[in-house]
Amino acid sequence: MPPEDKLSRNSSGLVLALSSGGAPGMAHIGVLQVLAENDISVRAVVGASIGAEIGAFAAIGMPEGEMETLATAFDWKQTLQLFMPDLPGGGLVSGRKILDFLSARLGAHNIEDLPIGYAAIATDLETGEQVVFDQGKLVDAVRASISLPGLIAPYRIGARWLVDGGVLNPVPFDVARERFGGPVLAVAVHAAVRRRGKQKLPPRSGQWPARVRQLLRQPWMGRTQALEEWLESQLKNYRKARGDKPEWTARRVLDQVMDITQSEIIRLRTAGSPPDLMLEPDVSRIGPLEFYRGKEAVAAGRAVARERLSEIKALLADHGGASGVKQSTTA
């Protein structure tokens, strides 16, 4: 069965809720691959941040193999180019290169015309409200949803300035059920999900600082003082104190506070409208900007989906192909 037939809008199939989390979110691709290989249809996808991006690729009918090729084609230099600081207002990067990347792959699709249901989550920076995009330009919805505070500048749509959907809804399983019914399969890669279970995170890979040091040794780096200083500041985030414990830099403090907050958000949302099943790929050693580790992330997604494949199949059987009605609301 071709991939476009497996991701079809019909009366049965899963409703996916794909989490935020940066580079570890490439695990979503591995989950999609296993679903396709086992003829498990997906009739709707709701995503936050990286989940909104991967979900958009699925919603336009991009084959899972092409998604993996796209994810694994990134090396550390290409990753750095996407996030090269240009110091606009509101973030380290303006997001222009990221928008170009998205536009080249998502084209001019409108959400309401997609072959499956789709919604992306963003956060209104001024009002603090959750914004659900289920109509309008797909590329705008994704760009708004991935605007990680402090890194990627907020994205303006109409009168609203929008930031990352993971700020308010890291794993949007409640929106998935509200918009499309069930059964809802959530895929959560964010550190907040692991913290929810009070699991101690393993030490993070040292690949990123090693690559940055290699870049700093390049002869031309001395001619770009601003970039050199920024990269040096990033290295400080990875330096170790005595006892091999990471230093509490300003950036790490902010990240930790965000994770703690999101952990509580997930707990509260789970109490109100839990997913039918949640998959948690083992991506704890992949940093949020380590997009060059796509192969590892995809493999982690495949592993957890295969491990729980019988539960996923039972989920569909238990719901008897239950469907939901798409509710269209203006973002």
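The following legends describe close-up views of a predicted model.

**View 1. Overall content and confidence of the predicted chain****.** The chain contains 14 helices and 10 strands. Of its 331 residues, 52% count as buried. Where contacts join residues at least 6 apart in sequence, 78% of them link residues at least 24 apart. The mean pLDDT is 80, and 69% of the residues reach 70 or more. Over residues 1–10 the pLDDT is below 50, and this stretch has 26 contacts in the model beyond near neighbours in sequence. For residues 198–204 the pLDDT likewise stays under 50, with 13 contacts in the model beyond four places in sequence.

**View 2. Helix α2 and its crossing with helix α3****.** The axes of α2 and α3 (residues 50–59) come within 9 Å and cross at roughly 35 degrees. The crossing of α2 past α3 is right-handed. On the α2 side the contact is made by His-28, Ile-29 and Leu-32, and on the α3 side by Ile-50, Gly-51, Ile-54 and Ala-58. By class, the contact of α2 with α3 consists of 5 nonpolar and 2 polar residues, with no charged residue.

**View 3. Positive phi values at Asp-39 and Ser-49****.** Most residues other than glycine have a negative phi. Asp-39, although not a glycine, has a positive phi of about 55 degrees. Asp-39 lies in the loop between α2 and β2 (42–48), and its relative accessible area of 49% makes it partly exposed. Ser-49, also a residue other than glycine, has a positive phi near 60 degrees. Ser-49 is found in the loop between β2 and α3. With a relative accessible area of 8%, Ser-49 is buried.

**View 4. The hairpin of strands β4 and β5****.** Strand β4 (residues 117–124) and strand β5 (residues 130–133) pair in the antiparallel sense over 4 bridges. Opposite Thr-123 stands Gln-130 of β5. The hairpin has 5 residues between its strands, and Gly-128 takes a positive phi near 75 degrees.

**View 5. Helix α7 and its buried residues****.** Helix α7 runs over residues 138–145 and is mostly covered, with 8 of its 8 residues buried. The buried set includes the nonpolar residues Leu-138, Val-139, Ala-141, Val-142 and Ala-144. Also buried in α7 are Asp-140, Arg-143 and Ser-145.

**View 6. Strand β9 and its two parallel partners****.** In strand β9 (residues 184–187), Val-184 and Ala-186 point one way, whereas Leu-185 and Val-187 point the other way, and all are buried. Strand β1 (residues 14–18) pairs with β9 in the parallel sense over 4 bridges, and Val-15 has Val-184 as its bridge partner in β9. The pairing of β9 with strand β10 (residues 277–279) is also parallel, over 3 bridges. In this pairing Val-187 has Leu-279 of β10 as its bridge partner.

**View 7. The cis peptide bond at Pro-183****.** Most peptide bonds are trans. The bond from Gly-182 to Pro-183, however, is cis, with omega near 0 degrees. Pro-183 is placed in the loop between α8 (173–180) and β9.

Methods. Residues are numbered from 1 along each chain as its sequence is written. This is a predicted model: local features need pLDDT of at least 70, side-chain atom pairs count only at pLDDT 80 or more; totals for chains, interfaces and linings use all residues. Side-chain values use heavy atoms; hydrogens and water are left out. pLDDT is the predictor's confidence in each residue, from 0 to 100. Contact means heavy atoms within 4.5 Å. Axes are lines fitted to C-alpha atoms, for helices over the stretch in contact, and angles run from 0 to 180 degrees between N-to-C directions. A crossing is left-handed if the near helix is turned anticlockwise from the far one by less than a right angle, and right-handed if clockwise. Buried means under 20% relative accessible area, exposed over 50%, partly exposed in between (1.4 Å probe, protein chains only). Two strands pair if DSSP finds at least two bridges between them.
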